[in-house]
Amino acid sequence: MQNKLIKLVAKSARHSKNQIVGAVRPTSYLKDLSKQQVGTGKTVLITGASSGLGEGMARLFASLGYNLAICARRTDRLEHLKSEMMDKYPDIRVEYQALDVSDYDTVFQVFDAFADDFGSIERVVVNAGIGDSRRIGKGHFETNRRTADVNFVAALAQCEAAMNIFRAQNNGHLVVISSMSAMRGLPRHLTTYGASKAGLAHLAEGIRADMLLTNLPIKVSTIYPGYIRTEINEGSKPLPFEVDTDTGTKAIVAAIEAGVDEACVPSLPWSMVSHAMKHLPLQVMNKLS
Ligand SMILES: NC(=O)c1ccc[n+]([C@@H]2O[C@H](COP(=O)([O-])OP(=O)(O)OC[C@H]3O[C@@H](n4cnc5c(N)ncnc54)[C@H](OP(=O)(O)O)[C@@H]3O)[C@@H](O)[C@H]2O)c1
């Protein structure tokens, strides 16, 4: 009994050490994982892999030895990424499929086709998203509905499709890319975007709770990125604490590899900002957003 307890404590200490190293020193943590080629024989499926964070994550997972199952609408970019990764990492497999995530039936077809093709999918990253919501009550319902659809309902379809596969395999790691904007209700153009990302974070937490209840060995991670310069914010003025795509994706992949339940990335300053965001009066929040 005592031995069991000691083992349990040691295991959780190792786990939290990974989380800390992964969160605070992503570059050295990933270098170490790359040396170990931790992804060998495993496949990660990423939606929205044609640019920005999805493309950056694909590159990093390939460097860790993972096979890639990538999708998006712009297949010319996926083809280019595939040939670049195959040249650089000849030992991995890279396959791509055209996918508009708001075409829900196709989400299930594409995910299942990848699972058949690779034999198993160890991780799915629900990443595809758009950021062009508009102020509420100004005649932009269609734009806001589309944002809610792609970022939440289509993400629900991706979670359903991924969990079908993971339940059948009896293992898997579901990762959702939420946003720091999920922490509070936000004004102006961020209202629907933030609400869709808060919905996605709640959805992931509910699935995580369900896995605890049913004791299934399926992990669920929710990532809350701060501002990372990609096509989603192209042309916008300098954003608070913004980082480049490389820095941002390293922080995201390190958190995913560390197996966190939830992580604000990059950890500094966003894990501290998240506490402030949850408690500041709305008038102060308005000045920061
Ligand atoms: N960058 C940031 O500061 C930041 C912060 C917090 C959260 N995020 C989240 O991170 C995720 C990735 O964004 P990003 O910054 O990398 O922006 P990005 O460069 O614009 O990438 C968005 C990706 O989503 C895909 N996508 C958009 N609509 C799609 C659809 N209907 N069907 C399939 N794929 C679709 C795009 O591919 P196609 O156009 O080729 O289909 C693209 O690959 C998003 O969920 C975003 O909300 C970003």
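Trainee: How many residues of strand 5 are buried?

Mentor: Six of its six, so strand 5 (residues 172-177) is mostly covered in this predicted model.

Trainee: Which residues point which way from strand 5?

Mentor: G172, L174 and V176 point one way, while H173, V175 and I177 point the other way, and all are buried. In a regular strand, side chains alternate between the two faces of the sheet.

Trainee: Which strand is joined to strand 5 by four bridges?

Mentor: That's strand 4 (residues 123-126), and the two run parallel.

Trainee: OK, zoom out. What's the strand order in the sheet?

Mentor: It goes 3-2-1-4-5-6-7, an open sheet of seven strands with parallel pairing. Strand 3 (94-98) and strand 7 (262-265) stand at the edges with a single partner strand each, so one side of each has no neighbour in the sheet. On average, neighbouring strands are turned by 15° against each other, direction ignored.

Trainee: How many bridges join strand 2 to strand 3?

Mentor: Five, with strand 2 (residues 67-72) running parallel to strand 3. C71 has Q97 of strand 3 as its bridge partner.

Trainee: And which helix lies across strand 2 and strand 3?

Mentor: Helix 4 (residues 75-88), running at about 180° to strand 3.

Trainee: Which residues in helix 9 are buried?

Mentor: S267, W270 and M277 are buried there.

Trainee: Where are the cis peptide bonds around here?

Mentor: One runs from V265 to P266, with omega near -15°, and P266 lies in the loop between strand 7 and helix 9. Another joins L268 and P269, with omega about 15°, and P269 lies in helix 9. Most peptide bonds are trans.

Trainee: Why does N215 count as exposed?

Mentor: Because N215 has 6 C-beta neighbours inside 10 Å, and exposed means 12 or fewer. Q37 has 15 inside 10 Å, so Q37 counts as partly exposed.

Trainee: Now the ligand. Which residues come nearest?

Mentor: G48, G52, R73, R74 and G129, out of 30 residues around the ligand. The largest share of that shell, three residues, comes from helix 3 (residues 52-63).

Trainee: How many of the shell residues are nonpolar, polar and charged?

Mentor: The shell divides into 13 nonpolar, 13 polar and four charged residues.

Trainee: Last one: is A115 buried or exposed?

Mentor: A115 is buried, because 22 other C-beta atoms lie within 10 Å. A115 is placed in helix 5 (residues 104-118). Leaving out residues up to four places away in sequence, A115 touches S120, I121 and I165.

Trainee: How far apart are the C-alpha atoms of A115 and R208?

Mentor: They're separated by 22 Å, with A115 and R208 being 93 residues apart along the chain.

Notes
Residues numbered from 1 in each chain as written. Predicted model: local features only at pLDDT ≥ 70, side-chain atom pairs only at ≥ 80, totals over all residues. Pairing = 2+ DSSP bridges. Axes fitted to C-alpha atoms, helices over the stretch in contact; angles between N-to-C directions. Contact = placed C-beta atoms within 7 Å. Near = placed C-beta within 6 Å. Nonpolar A, V, L, I, M, F, W, Y, C, P; charged D, E, K, R; others polar. Buried ≥ 20, exposed ≤ 12 C-beta atoms within 10 Å, placed from the backbone.
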